[in-house]
Amino acid sequence: MSGRDSRAWVEVDLAAITDNARTVARLAGVRLLPAVKANAYGLGAVAVSRALEALDPWGYVVATLEEGAELRAAGISRPIVVLMPVRGDLFDAYADLRLTPAIGDAAALHAWSARQLGPFHLEIDTGMGRTGVRWDEVDACAAALDTPLFEGAFTQFHSAELTDGSAERQQERFEAAVARMPRRPPLVHCANSAAVLRSPRFAYDLVRPGVFLYGGSPGGGLPEGKQAVAVRARVVSVRRIRAGETVSYNATWTAPRDTIVATLGIGYADGVPRELGTGPAKGSSYALLNGARCPYVGLVTMDLTMVETGATPCAVGDIATVVGRSGDTCVTLEHFARWAGVLQRAFLTGLGTRLPRIPV
């Protein structure tokens with residue numbers, strides 16, 4: 001059975017992702033280190049990485065050893081930086097797969113450096129408070145950094161989408177930390193999607209775009225990338241609902257009139273938020289079906305979602321668009337995330353594994 005024969009699926013526009021990456025490279029003026037972690041934000045890390053090869057990126061960023069191993073098994077040979085703090089018992093696995101660890105504590109740094117297993121990148125915590133060597137404690141790492149294997153240093157902005165000065169303060173801390181190191185590594189990087197879109201001053205030797213590649217916006221006032229994803233679902237049932245009758249669990253929607261409700265073969269197990277039709281966006285969120293905007297009604301269930309079609313003709317097997325373009329109308333990631341009350345990144349990475357990913 002092909003993907004489009006399924007009850008629901010995700011379409012991935014690899015050309016749009018590549019165009020978005022090209023835009024980032026042009027804005028930054030340096031090479032790319034695209035974030036393909038979390039299965040390329042849910043869209044397929046192998047397919048996305050292969051598409052991005054045409055742009056000659058320096059390498060790729062993943063979150064875990066397993067994600068790096070998947071890319072290696074698929075034939076990706078460029079450097080792969082693994083952001084999860086590396087454990088000593090996994091050193092040999094990293095070396096065998098030629099994965100570059102992001103090291104963020106002195107003990108791991110000294111252990112890796114002593115074994116001379118390969119290049120590494122040092123993570124500097126400039127205010128995220130999560131992982132990495134504190135910016136004001138890098139002196140304790142000096143001896144372990146005095147090696148040609150010290151390939152890169154980076155930090156992570158916590159609010160690069162804001163204009164409150166926090167990114168600039170983190171940048172100052174980062175630059176001060178790098179200046180105190182016994183040698184400047186060949187690769188210094190700190191810019192995510194938001195930082196790149198705000199200013200090229202955040203671009204050093206590499207930039208690490210994420211959500212913008214996949215068609216999202218990294219924050220208010222910043223542009224979205226080209227639409228790169230569509231989520232579609234087939235109508236699996238069409239029902240006449242009388243005025244006063246209810247739909248879904250807890251009877252959260254009551255029909256104000258005689259109407260028609262179509263049931264779509266997609267639910268919260270596939271990543272559609274349960275409160276999509278009942279939360280703050282109640283009455284304004286909709287799927288696109290046969291040229292009409294059909295509002296979500298009732299709670300989304302594990303496998304099924306209901307929309308009111310009213311006078312719009314529909315039949316079992318028709319295709320509804322949850323996210324993406326249908327005809328002249330488009331439900332963008334920004335629209336859907338606002339309706340659902342979730343981050344665009346959270347929606348993308350939460351798309352369930354039951355949904356086939358179809359390159360288009």
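A salt bridge is taken here as a side-chain nitrogen of Lys or Arg within 4 Å of a carboxyl oxygen of Asp or Glu. The structure is a predicted model, in which local features need pLDDT of at least 70 and side-chain atom pairs count only at pLDDT 80 or more, while totals for chains, interfaces and linings use all residues. Residues are numbered from 1 along each chain as its sequence is written, and side-chain values use heavy atoms, with hydrogens and water left out.

The protein has eleven helices and 20 strands, assigned as DSSP runs (helices H or I, at least four residues; strands E, at least two) and numbered from the N terminus. Of its 360 residues, 54% are buried, where buried means under 20% relative accessible area, exposed over 50% and partly exposed in between, with a 1.4 Å probe and protein chains only.

Among the 21 salt bridges of the structure, aspartate 146 pairs with arginine 183, the closest N and O atoms being 3.3 Å apart. Because aspartate 146 lies in the loop between α7 and β8 (150-154) and arginine 183 in the loop between α8 and β9, this pair ties together parts that are 37 residues apart in sequence. Aspartate 146 is partly exposed at 48% relative accessibility, and arginine 183 is partly exposed as well, with a relative accessible area of 31%.

A salt bridge also joins the side chains of arginine 180 and aspartate 139 (3.2 Å, N to O); this pair links distant parts of the chain, with arginine 180 in the loop between α8 (166-179) and β9 (187-191) and aspartate 139 in the loop between β7 (133-134) and α7 (142-145), 41 residues apart. Elsewhere, Arg7, Asp270, Asp303 and Arg354 are linked in a network of salt bridges.
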